Amino acid sequence: MSALSTHSRPTAAFESARLTYSDAPVDLHNSGVNQLLSVAAARGYSLYHFCMADLYREVRQPWVHATVLELDPDWSGEAPQAWQHLRPIGSLNMALDAVDVCFVRGDDIRREDTPNLDILRQADATGTVVESVDATLSTCDKFQVTERCPGVPQPITYATSDLASTLAAVGRLPDHDGWIVIKDRYGFGCGAQVHRLHVDTPGLEHTLHEYLLVYGDLLVQEFRPEVSAGDLVVTFFEDELLGAMRRIPAEGEWKSNASLGATHVAHELSSEQAEIAWTVRRAFPECRLASVDLLASGRVLEINAFPGGEGLLKTHGVVLAEKVLDRLENERSGQAASPGTLI
């Protein structure tokens, strides 16, 4: 991908399965990604959107059929909210190496066999992709925390891919009033692929079979009653802890995702909580931007790429997108100033 140039508008492309997940013309359904989109728009970036199916090769190079996004010229307001004033205005075919930075949400990336992932890898190897393909894959696989951090406290979790092993895993879980948790192993956050079931539910076997048909690979996990008090989200950008917050579930909800109405309050980590969060963060060195979700007891739930930006802004006054774009712009301008680099 090209180095940022002071002689033309910088460019950013955003990858996600859909351009909008709401009634808004542009809504990438993740407050961290939307914030990056907003701040880039407010800074005058040329903006594009694509999904994995839009990638192709032209003369062996990675190309994309991208949607062009434009910020309402009459827009004014706070930079983190600019995404609400973006509109698609057309499409074009472009070489990915013409893009300065590519933000990959990855909600249509599950495993190494995802179609066109090799094309994205080709772009990843030659420029700035955030998160990288390796980081996207590792945080998409929700069993990676169990595999990489066996010494870290976490709910008992089993990975299964057929009905017999799923039923066997259910039988091995500790009994917390009969409740268990079923997850899509390869999920992308927001809580949509996390389900609580009771072992005495009529037709449980059929329900588990249906989840296997939909997801293919499951996580069968111990339900921790303490989740009713919410969980903690610890956000990192590279080797900096940007802030921690507690998410409190909405009334009648057991999940604490912002998309389900949870509220956020600032949280000061105990030394034990901080050590656990750092241990998980360091186990995923391929990630630049990530959050570790854990219960107050220290039990780790998962690690996610592209943590939500809204909660961090409300609880700590930190504009995540500004920190990320400042760093990327400094890196790219440094490359542009290096001897032999074409601008």
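These legends walk through an overview and several close-up views of a predicted model.

Residues are numbered from 1 along each chain as its sequence is written. In this predicted model, local features need pLDDT of at least 70, side-chain atom pairs count only at pLDDT 80 or more, and totals for chains, interfaces and linings use all residues, while side-chain values use heavy atoms, with hydrogens and water left out.

**Figure 1. The whole protein chain, for orientation.**
Along its principal axes, the C-alpha trace spans about 65 × 45 × 40 Å. Of the 343 residues, 54% are buried; buried means under 20% relative accessible area, exposed over 50%, and partly exposed in between (1.4 Å probe, protein chains only). Among contacts between residues at least 6 apart in sequence, 67% join residues at least 24 apart, a contact being heavy atoms within 4.5 Å.

How many of the five residues of β11 (residues 218-222) are buried? Five of the five are, so the strand is largely enclosed by the rest of the structure. Leu218, Val220 and Glu222 point one way, and Leu219 and Gln221 the other. In a regular strand the side chains alternate between the two faces of the sheet. β11 pairs in the antiparallel sense with β8 (residues 157-160) over four bridges, and with β9 (residues 179-184) over five bridges. Two strands are said to pair if DSSP finds at least two bridges between them. To find your way around, look for threonine 157 opposite glutamine 221 of β11, and for aspartate 184, whose bridge partner in β11 is leucine 218.

**Figure 2. Helix α3 and the elements that cover it.**
Seven of the eight residues of α3 (residues 133-140) are buried, leaving this helix mostly covered. The buried residues are Val133, Ala135, Thr136, Leu137, Ser138, Thr139 and Cys140. Their cover includes β6 (101-104), α2 (117-124), α4 (144-148) and β16 (300-305). In the loop between β7 (128-130) and α3 you will find glutamate 131. A cis peptide bond joins valine 130 to glutamate 131, with omega about -15 degrees.

**Figure 3. Two loop residues with positive phi.**
Most residues other than glycine have a negative phi, and most peptide bonds are trans. Asparagine 116, in the loop between β6 and α2, has a phi near 75 degrees. Its relative accessibility of 22% makes asparagine 116 partly exposed. Aspartate 177 lies in the loop between α5 (163-172) and β9, and its phi is about 55 degrees, again positive without being a glycine. Is aspartate 177 buried or exposed? With a relative accessible area of 66%, aspartate 177 is exposed.

**Figure 4. Threonine 11 and its surroundings.**
Threonine 11 belongs to strand β1 (residues 11-15) and is buried, at 10% relative accessible area. Which residues does threonine 11 touch, not counting residues up to four places away in sequence? They are Tyr45, Ser46, Tyr48, Ala98, Val99, Asp100 and Val101. Threonine 11 and tyrosine 48 are 37 residues apart in sequence, with 7.9 Å from C-alpha to C-alpha.

**Figure 5. The hairpin of strands β3 and β4.**
β3 (residues 55-58) and β4 (residues 61-71) run antiparallel and are joined by four bridges. Together they form a hairpin with two residues between the strands. Valine 59, in the turn, has a positive phi of about 50 degrees. For a handy landmark, the bridge partner of leucine 55 in β4 is valine 64.

**Figure 6. Serine 165 in helix α5.**
Serine 165 sits in helix α5 and is partly exposed, with a relative accessible area of 26%. How many Å separate the C-alpha atoms of serine 165 and threonine 136? They are 27 Å apart, while the two residues are 29 residues apart along the chain.
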